Amino acid sequence: MSEYNFAYLDEQTKRMIRRAILKGLAVPGYQVPFASREMPMPYGWGTGGVQVSAATLTPEDTFKVIDQGADDTTNAVSIRKFFENTAGVETTEETEKATVIQTRHRIPEAKLSEDQILVYQVPIPEPLRFLEPRETETRKMHSLEEYGLMHVKLYEDISQHGAISTSYAYPVKVSDRYVMEPSPIPKFDNPKLEMDAIQLFGAGREQRIYAVPPHTKVVSLDFEDYPFEATKADHPCDLCGAEDSYLDEVIMDDAGNRMFVCSDTDYCRSRCTAGHVGRLAEEGAA
Amino acid sequence: MTPLLQVKGIEKRYGARIGCTDVNFDLYPGEVMGIVGESGSGKSTLLNCMAGHLEPDAGQVVFDTRAGGPMDTVTMTEPERRMLGRTDWAFVHQHARDGLRMSVSAGGNIGERLMAVGDRHYGAIRDKAVDWLGRVEIDESRVDDRPTAFSGGMQQRLQIARNLVTGPRLVFMDEPTGGLDVSVQARLLDLLRGLVREMGLSAIIVTHDLAVVRLLADRLMVMKSGHVVEAGLTDQVLDDPQHGYTQLLVSSVLQV
């Protein structure tokens, strides 16, 4: 471990990233360009999030990584090991104990507190990207607050599907100013974007950092007659019986059997430990 | 009466070459101005300078705004100019593909300007889109089809609907009938003439087709090598051309 500088990146790079983070916090939702470094993992595996985490971590921090809510998937395990090796920080799987949480595509179910930092991995930071391919034009649209196009996408959803069918990466307006890509979190998580913790977003390939400070107003875009709805599968969790958590659907066999489980593994486990029982857990016990 | 648009001494150069120079005219509400000339005569440069797509090197384009009265659009701030571009101004491109979003349905195309100025009611936006499809003679059932599934003439009509939906007062048209066959051209011209009269629009039409200006334009400007060589009432210019180039232009039209 002593072979590495603390948290892998050199101090000048971390300083540069911290400046970008501070600027992002000062202008909520604004995409701050930064000089993204090559990281020892491929683009798309969270190079942006890892750089933001590296610049944020201190030796006293407790670090948690989730990938689609789970602590035990390849992406989460390898990033957690990466910082165990390079920063020697303590790691945890428990949301409450962590001070820095790096996440891919989910917000933890447990309410985060003011002394926690949530770091998102972002593949495409520009919410207007698939509507307007020119970066020069999208930057101008952000600076002039021309966001009509974002609603064209929602209009298309309704005209084709009868409802707003965008179910993840649902665009939000931050602090009544910038339209922001919340990274591909399910829209179930959108209401949670107004939280007590600091939220930092890092896009490594696209070289952008942006942020939502604590207690900042975050509004999901919608129409007056088609209001925003946070949706989830209409089931309780089959293991812990939770009705309020976001669920993954798991195919069990080739006979059409399937189960729904909390995508947040830590939340599910803590509920099971506390004695909550879901449908399949009951059957297993019987 | 205040002119809707006053163009004063507009000049645009591309290095040492002249795009257009020393163009002056006033356009009054409800008036349609035609600009004709051969390829490379500076028609499109002039149009783009007036519409704010190009920055002129000299001169003023004074537009009579609803809120603040006459304002020079060349020196106004970009947000103001872009706001004009999606409310009081409309720009119809020669190729419908340049003016439409090809991956968005016809309804979405028409609704874009409405949403850009703050409409947030899906039902109302859709009703307006359907209404405008009807006005440009496109069947209501095509509202959810993409423009890629439309014929050239329909695309052009859709582009016009998309531009006129916010009730602009000034329309810039760059060869609106170029590339369409004659019967489709005739229908489009009919439609345009109806809309211009009905909505009391002012329009500036750039074309090299004299039949188009004869039908639509009240006044005519003839351009050559970046200069305006002749201007006047359309019938007067076409029936009694004074400048050598205008005489050539008028006599070049094939008689069937």
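In this predicted model, the largest cavity has a volume of about 30 Å³. The count of cavities of 30 Å³ or more comes to 1. Its lining consists of B:Val92, B:Ile160, B:Leu164, B:Val171, B:Met173, B:Leu192, B:Val196 and B:Leu201. Two or more of the lining residues come from each of α6 (152–164), β7 (170–174) and α7 (182–199) of chain B. By class, the lining of the largest cavity holds 8 nonpolar residues, no polar residues and no charged residues.

The interface of chain A and chain B is considered next. Here 21 residues of chain A are in contact with 22 residues of chain B. The two chains bury about 1800 Å² between them, and 57% of this area is on carbon and sulfur atoms. Of the area that chain A buries against chain B, 29% is supplied by A:Glu146, A:Val152 and A:Tyr155, more than by any other three residues.

A salt bridge joins B:Arg82 to A:Glu146, with the closest N and O atoms 2.8 Å apart. On the side of chain A that touches chain B, the elements giving two or more residues are α4 (135–143) and α5 (148–161) of chain A. The most comes from α5(A), with 9 residues. By class, this side of chain A has 9 nonpolar, 4 polar and 8 charged residues.

| Pocket | Volume | Lining residues nearest the centre |
|---|---|---|
| Largest pocket | about 1300 Å³ | A:Glu137, A:Glu146, B:His53, B:Arg82 and B:Gly85 |
| Second largest pocket | about 720 Å³ | A:Phe130, A:Leu131, A:Lys153, A:Asp157 and A:Thr166 |

The largest pocket is lined by 39 residues. A:Glu146 and B:Arg82, which form a salt bridge with each other, are among the residues nearest the centre of this pocket. Both chains contribute elements to the lining: at least two residues each come from α4 and α5 of chain A, and from α1 (43–50), α2 (78–86), β6 (89–92), α3 (96–99), α4 (106–116) and α6 of chain B. The largest share, 5 residues, belongs to α2(B). By class, the lining of the largest pocket has 16 nonpolar, 8 polar and 15 charged residues.

For the second largest pocket, the lining comprises 26 residues. These divide into 13 nonpolar, 6 polar and 7 charged residues.

How many charged residues does the lining of the largest cavity have? The lining of the largest cavity has no charged residues, whereas the lining of the largest pocket has 15 and that of the second largest pocket has 7.

Technical notes:
Residues numbered from 1 in each chain as written. Chains lettered and ligands numbered in written order. Predicted model: local features only at pLDDT ≥ 70, side-chain atom pairs only at ≥ 80, totals over all residues. Heavy atoms only, no water. 1 Å grid on protein atoms, 1.4 Å probe; cavity = no way out; pocket = protein on both sides within 12 Å on 5 of 7 lines; lining within 4 Å. Points joined across faces, edges and corners; volume = space filled by probe spheres on them. Helix = DSSP H or I, 4+ residues; strand = E, 2+ residues; numbered from the N terminus. Nonpolar A, V, L, I, M, F, W, Y, C, P; charged D, E, K, R; others polar. Contact = heavy atoms within 4.5 Å. Buried area = accessible area lost by both parts, 1.4 Å probe. Salt bridge = Lys/Arg side-chain N within 4 Å of Asp/Glu carboxyl O.
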